[in-house]
Amino acid sequence: MITLNHRGPRPIYEQVRDGLRHLIVTGALLPDEKLPSVRTLASTLAINPNTIQRAYEALEREGYLYTLSGRGTFAAAGRRSDPQRQQELLSQFDAAAAELLFLGMTAEELAARLRTRKEEQA
């Protein structure tokens, strides 16, 4: 599910947040699917529950999760607009695209890859 690097430079809550975000974006966690409770996931990953709570709160602010009082935390359906997150990802995309073009990929190959990703998301 989520792999943590306890000796790496990135904070654990960021690793949890990014791992959960990846599961949601790739469809491993479906929209409206219930996530483990904070305590359960903390126990599974052998980390402090406050770390999980922090990751859940960050993902809820970003629109990847939602919480229903007394029922739990769930994966949100996509399509929410977050201009700041979009800008971060577009910067990463631009850098990756520039390097791929430098390495010999064509614009058409990149466009085809985008179309494939879009079809997979539909």
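Is Asp32 buried, exposed or partly exposed? At 49% relative accessibility, Asp32 counts as partly exposed, where buried means under 20% relative accessible area, exposed over 50%, and partly exposed in between (1.4 Å probe, protein chains only).

The structure is a predicted model, in which local features need pLDDT of at least 70 and side-chain atom pairs count only at pLDDT 80 or more, while totals for chains, interfaces and linings use all residues. Residues are numbered from 1 along each chain as its sequence is written, and side-chain values use heavy atoms, with hydrogens and water left out.

The protein contains five helices and two strands, taken as DSSP runs numbered from the N terminus (helices H or I, at least four residues; strands E, at least two). Along the sequence these elements follow the pattern α-α-α-β-β-α-α. The C-alpha atoms occupy a box of roughly 50 × 35 × 25 Å along the principal axes. Of the 122 residues, 30% are buried. Contact means heavy atoms within 4.5 Å. Among contacts between residues at least 6 apart in sequence, 43% join residues at least 24 apart.

Asp32 is located in the loop between helix 1 (12–25) and helix 2. Not counting residues up to four places away in sequence, Asp32 touches Tyr66, Phe74 and Ala75. The side chains of Asp32 and Tyr66 are joined by a polar contact of 2.6 Å. A polar contact is a pair of N or O atoms within 3.5 Å; within protein, one must be able to donate a hydrogen and the other to accept it, and residues adjacent in sequence count only if both atoms are side-chain atoms. Asp32 and Ala76 are 44 residues apart in sequence, with a C-alpha to C-alpha separation of 5.8 Å.

Arg21 belongs to helix 1 and is buried, with a relative accessible area of 8%. Glu62 counts as buried at 18% relative accessibility, and its side chain makes a polar contact of 2.6 Å with the side chain of Arg21.

Two packed helices are described by the angle between their axes and the distance between the axes. Axes are lines fitted to C-alpha atoms, for helices over the stretch in contact, and angles run from 0 to 180 degrees between N-to-C directions. Helix 2 (residues 38–45) packs on helix 3 at an angle of about 120 degrees, with the axes 8 Å apart. The two helices are therefore oblique to each other (angles under 35 degrees count as roughly parallel, over 145 as roughly antiparallel, 65 to 115 as roughly perpendicular and the rest as oblique). Val38, Leu41, Ala42 and Leu45 of helix 2 meet Pro49, Ile52, Gln53 and Tyr56 of helix 3. By class, this contact has seven nonpolar, one polar and no charged residues, with Ala, Val, Leu, Ile, Met, Phe, Trp, Tyr, Cys and Pro counted as nonpolar, Asp, Glu, Lys and Arg as charged, and the others, Gly among them, as polar.

Helix 4 (residues 83–102) and helix 5 (residues 107–121) pack at about 135 degrees, with their axes 10 Å apart, and are therefore also oblique to each other. Helix 4 contributes Phe93, Ala97, Leu100 and Leu101 to the contact, and helix 5 contributes Ala107, Leu110 and Leu114. The residues of this contact comprise seven nonpolar, no polar and no charged.
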